[in-house]
Amino acid sequence: MATAFLSTANSFFPSSISPSTSSSCSSSSSSSSSLGTALVYLNNQNVQRRTLCKAFNESPPPTPALTKRGFSLCFITSLVLAAGNGCSNAIAAILEADDDEELLEKVKKDRKKRLERQGVISSSGQEKGYLQDVVYKLSEIGLAIDNNDLSTASSVLGGSTDTEWVKNANVAFNKLSSSPEEKTQVEKFNSSLASLISSVTKNDVESSKVAFVTSATAFEKWTTLTGLVGQLKGL
């Protein structure tokens, strides 16, 4: 069986080529085929790389998404990472200095406003007199209501918001009120004062007490906001 297989195999080779020569040619052909395959693969890889590079180069540059503040933060962060604690401390000092400048600027503005307000108050002697009268009126009204003496409270109030002391008080309020908070307290004072007059007229002690407390509280808050609380007697 083995002899038959060998003689059959020999019949596949030309008579001028020995089996060993055929084996050598076959090996050379196989090597050439493997080399060709490798060269084709490498060529394909180079083509793919060139295609990718071309696509990358031809793609439009990304649109910057960083804002100016974002860029500054990134820049500061890069400095911190590059220089370590020394740079971090320096940047912290710079930021702290910026905060100090903002705080100083705010203090200057507040001081300017206070000086302007004090100037207005100093030149408003008559208005301060009107406000001092309000303090005296409220003191008398509160004492009368506390004693359940609504007739005395009514006589001091005057029976309506058109009385002279109330009108004078609003003259002072209008001149010395500048902020929305101050104007809000003026509105509360006038509305609660109207309720107080109505409650006293109806001889309603409990409602009179509530309205009086609201009026007095609004007036005290207003004097605090305007800086007059220390310039009026009885507060």
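Burial is defined by relative accessible area: a residue is buried when the value is under 20%, exposed when it is over 50%, and partly exposed in between, with a 1.4 Å probe and protein chains only. By this definition W222, at 0% relative accessibility, counts as buried.

## Basis of the report

The structure is a predicted model, in which local features need pLDDT of at least 70 and side-chain atom pairs count only at pLDDT 80 or more, while totals for chains, interfaces and linings use all residues. Residues are numbered from 1 along each chain as its sequence is written, and side-chain values use heavy atoms, with hydrogens and water left out.

## Overall architecture

The chain holds nine helices and zero strands. Helices (H or I, at least four residues) and strands (E, at least two) are taken as DSSP runs and numbered from the N terminus. Read from the N terminus on, the order of elements is α-α-α-α-α-α-α-α-α.

Of the 235 residues in the chain, 23% are buried. The accessible surface comes to about 16,400 Å², and carbon and sulfur atoms contribute 58% of this surface. Such areas come from the Shrake-Rupley method with a 1.4 Å probe, and for residues only the protein chains shown count as cover. Contact means heavy atoms within 4.5 Å. Among contacts in the chain with a separation of 6 or more, 68% are between residues 24 or more positions apart.

## The surroundings of W222

W222 is located in helix α9. With residues up to four places away in sequence not counted, W222 touches L131, A172, F173, L176, S177, E182, Q185, V186 and L228. One of these residues, F173, is 49 residues from W222 along the chain, and the C-alpha atoms of the two are separated by 8.9 Å. Two others, A172 and L176, are also contacted by E127.

## The salt bridge

How many salt bridges does a search of the whole structure find? The search finds one. A salt bridge here is a side-chain nitrogen of Lys or Arg within 4 Å of a carboxyl oxygen of Asp or Glu. Side chains of opposite charge can pair when their charged atoms come close. The partners are E127 and K175, whose closest N and O atoms are 3.6 Å apart. This pair links distant parts of the chain, since E127 is in helix α5 and K175 is in helix α7 (residues 164-176), 48 residues apart.

Helix α5, which holds E127, covers residues 125-146. Is E127 buried or exposed? E127 counts as buried because its relative accessibility is 11%, whereas K175 counts as partly exposed at 40%. Apart from neighbours within four places in sequence, E127 is in contact with A172, K175 and L176.

## A negative surface patch

D99, D100, E101 and E102 form a negative surface patch. Patches are made of residues with over 30% relative accessible area and no salt bridge; like charges are joined within 9 Å, and nonpolar side chains (Val, Leu, Ile, Met, Phe, Trp, Tyr) within 5 Å. Lys and Arg count as positive and Asp and Glu as negative, while His and the chain ends are not counted. The place of a charge is taken as NZ of Lys, CZ of Arg, CG of Asp or CD of Glu.

D100 is partly exposed, because its relative accessible area is 45%.

## Residues in the loops

Which residues other than glycine have a positive phi near 60°? N148 has such a value, and so does N203. N148 is placed in the loop between α5 and α6 (150-157), and at 49% relative accessibility this residue counts as partly exposed. N203 is found in the loop between α8 (180-201) and α9 (205-226). At 57% relative accessibility, N203 counts as exposed.

G159 lies in the loop between α6 and α7 and is partly exposed, with a relative accessibility of 44%. Neighbours within four places in sequence aside, G159 is in contact with S154 and I197. G159 and L196 are 37 residues apart in sequence, with a C-alpha to C-alpha distance of 9.9 Å.
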